[in-house]
Amino acid sequence: MGARQYLQLSPTEAWLNILRLSNSPTVLSNIMVGLGIAIFAHNQEFAERLHPPTLNFSKPLFLITIGLLTFYFAGMILNDAKDANVDQIHRPDRPIPCGAIKRRDAWVTGITLLLVGLLLCVFISINVAFWGVLLVIAVCSYTALHHLFVPALGLMGFCRGLTCLLSFVAIAHSFSFIAIEFALGIGLFTMFLTWIGKNEHLTNNKRAYLVWLLAIPPLVPIQHWLLNIEFNIILYVAYLGWLGFASKAFASNKVGQGMHILLAAFCVLDCIYLSVLGELSLFVVSFLCFVLTLGMQRYIKGT
């Protein structure tokens, strides 16, 4: 999409592009993993009780979903606001460089969304607010340091891992180290994805090889795979097939297509995690997020 095309966008369309709305279902999918871990931990905690207490998660799930989406959108906007001068040279088709969105408006909107997300965390609990503050710090740090390769990898992975962890903390009555295990897998996936996306200097073949690093994150909670091992293996093979599509796209010099395939793979990873946790109803939600991501990518760029 060229700069002239962006200038023809309505304000609503320009904001949808800067928000990377097509990737937002992957955030919802990550939240499903946090919910799945909370249900799993709750069932384990009260496994020996004849009449275990009910895990009431509707209100905190609603609040944390809105909160995490605002954090995500804030990060996307602030990233573009910070990069406006660089994009003026290298990506003049972006909404800010081409004049579709004012840089000042982007800064104000991004910071406002961060504050709204943090306020929603406070409404849930002080404990959730603490993790929300960590996420705000991580988002701001990434905005400031994302041009530095190593900090960018770590901070982006930390942000996505916190998405899963924060949703778990908002819903669960007590903490479980299982949550860290799954958050680590999501963070590792994000780091590899960021590495692939930032290595613009690499040849397409080298980038295609890097895709296979993403075969590692689904195996992080390997000790839990026995719960539903046959189905988990089938899902993992399907996941590898999806990575194959991305690798082929990079090898064919279709970088944008390759990145869109990998972004949608977030949801496939979450499907594996939810299967490992035995939460097949939430698995269906993450799969629908996968389909929705692919559908939205046809109309709104994800990168």
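**Figure 1. Salt bridge between D105 and R104 in the predicted model.** D105 is partly exposed, because its relative accessible area of 31% lies between the limits of 20% and 50%. The model shown here and in the other views is predicted. D105 forms a salt bridge with R104. The closest N and O atoms of the pair are 3.9 Å apart, within the 4 Å cut-off. R104 counts as exposed, because its relative accessibility of 58% is over 50%.

**Figure 2. Salt bridge between D80 and R20.** The count of salt bridges comes to two. One of them joins the side chains of D80 and R20, at 2.9 Å from N to O. D80 lies in helix α4, and R20 in the loop between α2 (11-18) and α3 (24-45), so the pair ties together parts that are 60 residues apart in sequence. Are D80 and R20 buried or exposed? Both residues are buried. Side chains of opposite charge can pair when their charged atoms come close.

**Figure 3. The largest pocket and its lining.** The volume of the largest pocket is about 1,400 Å³. Its lining has 41 residues, and the closest to the centre are R20, N79, R94, Y142 and K198. R20 also takes part in the salt bridge with D80. Six helices each supply at least two lining residues: α4 (58-82), α5 (84-90), α7 (126-145), α8 (149-171), α9 (177-198) and α12 (255-276). Which element gives the most? That is α4, with seven residues. By class, the lining has 18 nonpolar, 13 polar and 10 charged residues.

**Figure 4. The second largest pocket.** About 170 Å³ of space lies in this pocket. Two or more lining residues come from each of α11 (229-251), α12 and α13 (280-297). Helix α11 gives the most, with five residues. The lining includes the aromatic side chains of Y239, W242, F283, F287 and F290. Also among the lining residues are L235, A238, G241, V268, C271 and I272. How many of the lining residues are charged? There are no charged residues; 10 are nonpolar and one is polar.

**Figure 5. A nonpolar patch on the surface.** L226, I229, I233 and V237 form this patch. Together they have about 370 Å² of accessible area. I233 has its place in helix α11, which also gives residues to the lining of the second largest pocket. I233 is partly exposed, because its relative accessible area of 42% falls between 20% and 50%.

Definitions and conventions:
Residues are numbered from 1 along each chain as its sequence is written. This is a predicted model: local features need pLDDT of at least 70, side-chain atom pairs count only at pLDDT 80 or more; totals for chains, interfaces and linings use all residues. Side-chain values use heavy atoms; hydrogens and water are left out. On a 1 Å grid over the protein atoms alone, a cavity is a set of points where a 1.4 Å probe fits but cannot get out, and a pocket is an open set with protein on both sides within 12 Å along at least five of seven lines; lining residues have an atom within 4 Å of a point. Grid points are joined across faces, edges and corners, and a volume is the space filled by probe spheres set on the points. Helices (H or I, at least four residues) and strands (E, at least two) are DSSP runs, numbered from the N terminus. Ala, Val, Leu, Ile, Met, Phe, Trp, Tyr, Cys and Pro count as nonpolar, Asp, Glu, Lys and Arg as charged, and the others, Gly among them, as polar. Patches are made of residues with over 30% relative accessible area and no salt bridge: like charges are joined within 9 Å, nonpolar side chains (Val, Leu, Ile, Met, Phe, Trp, Tyr) within 5 Å. Accessible areas come from the Shrake-Rupley method with a 1.4 Å probe; for residues, only the protein chains shown count as cover. Buried means under 20% relative accessible area, exposed over 50%, partly exposed in between (1.4 Å probe, protein chains only).
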